[in-house]
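Please look at the sequence and the structure shown below, and then follow the account of how some of the side chains are packed.

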Amino acid sequence: MTTIKLIVGSTRPVRVGGQLVDGVVSTLSEATGASVEVVDLRELDLPFLAEPQQAASGVYTLDSTKQWAQIVKDSDAIVWLTPEYNGGFPAPVKNAIDHLLAEWDAKPTLVVGYGWGGASRAVKHLVEILGNVKTNVVADAICMPFGDNPPAEGQVANPLAIVEANKEALVAGAKALVEAIESDEEAAA
Ligand SMILES: Cc1cc2nc3c(=O)[nH]c(=O)nc-3n(C[C@H](O)[C@H](O)[C@H](O)COP(=O)(O)O)c2cc1C
């Protein structure tokens, strides 16, 4: 079965990102028929890059790096769910990217941001970095503004409404992921 991994980029103990996951997972899985698995960078808890060799060597010594590499290898496509912090995407997202290299190559990828302004600056930067490691970013990044659902003390009253308001773009992005996966499979056959 096709497997899409949704990477949750916020690692804060109280966070909006976690509240959006259910809505994003159900939208992606309905649109694709794929198994959508959540990879929470907070749970993965990668150390700040501590490998003696660059990821370009493909030599991974730490179990945490090996586990992360396997997670990415075992995916047919990746969706990044990212907030915006001080005009960029969170440091743990960059750290997770920097841990690997070959695993990113041509990986069908979609970027989804959320926040007051939809994380428009964060997603732009993230798409640029993902291009640098040669992922296949299949569609324009999706920005999900909080709109009528701003967080109060870290809680959003209706997180599903934020996802629903962006459903069309999410479905189009999800379909673009499936097309990229199918075209990779045809090329490999
Ligand atoms: C360190 C930090 C920096 C932030 N900077 C921005 C920003 O540049 N632009 C923005 O729209 N929101 C910014 N915010 C507000 C976040 O969009 C909002 O807190 C959101 O809930 C963060 O996602 P999370 O709760 O899943 O971590 C910032 C929040 C934090 C914690």
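At 1% relative accessibility, Trp104 counts as buried, where buried means under 20% relative accessible area, exposed over 50% and partly exposed in between, with a 1.4 Å probe and protein chains only. This is a predicted model, in which local features need pLDDT of at least 70 and side-chain atom pairs count only at pLDDT 80 or more, while totals for chains, interfaces and linings use all residues. Residues are numbered from 1 along each chain as its sequence is written, and side-chain values use heavy atoms, with hydrogens and water left out.

Trp68, Trp80 and Trp104 form one aromatic cluster; rings of Phe, Tyr and Trp (its six-membered ring) pair if their centres lie within 6.5 Å, and planes under 30 degrees apart count as stacked, over 60 as edge-to-face and the rest as tilted. Trp80 and Trp104 make a tilted pair, 5.8 Å centre to centre with 45 degrees between the planes. Because Trp80 lies in strand β3 and Trp104 in the loop between α4 and β4, this pair ties together parts that are 24 residues apart in sequence; helices (H or I, at least four residues) and strands (E, at least two) are DSSP runs, numbered from the N terminus.
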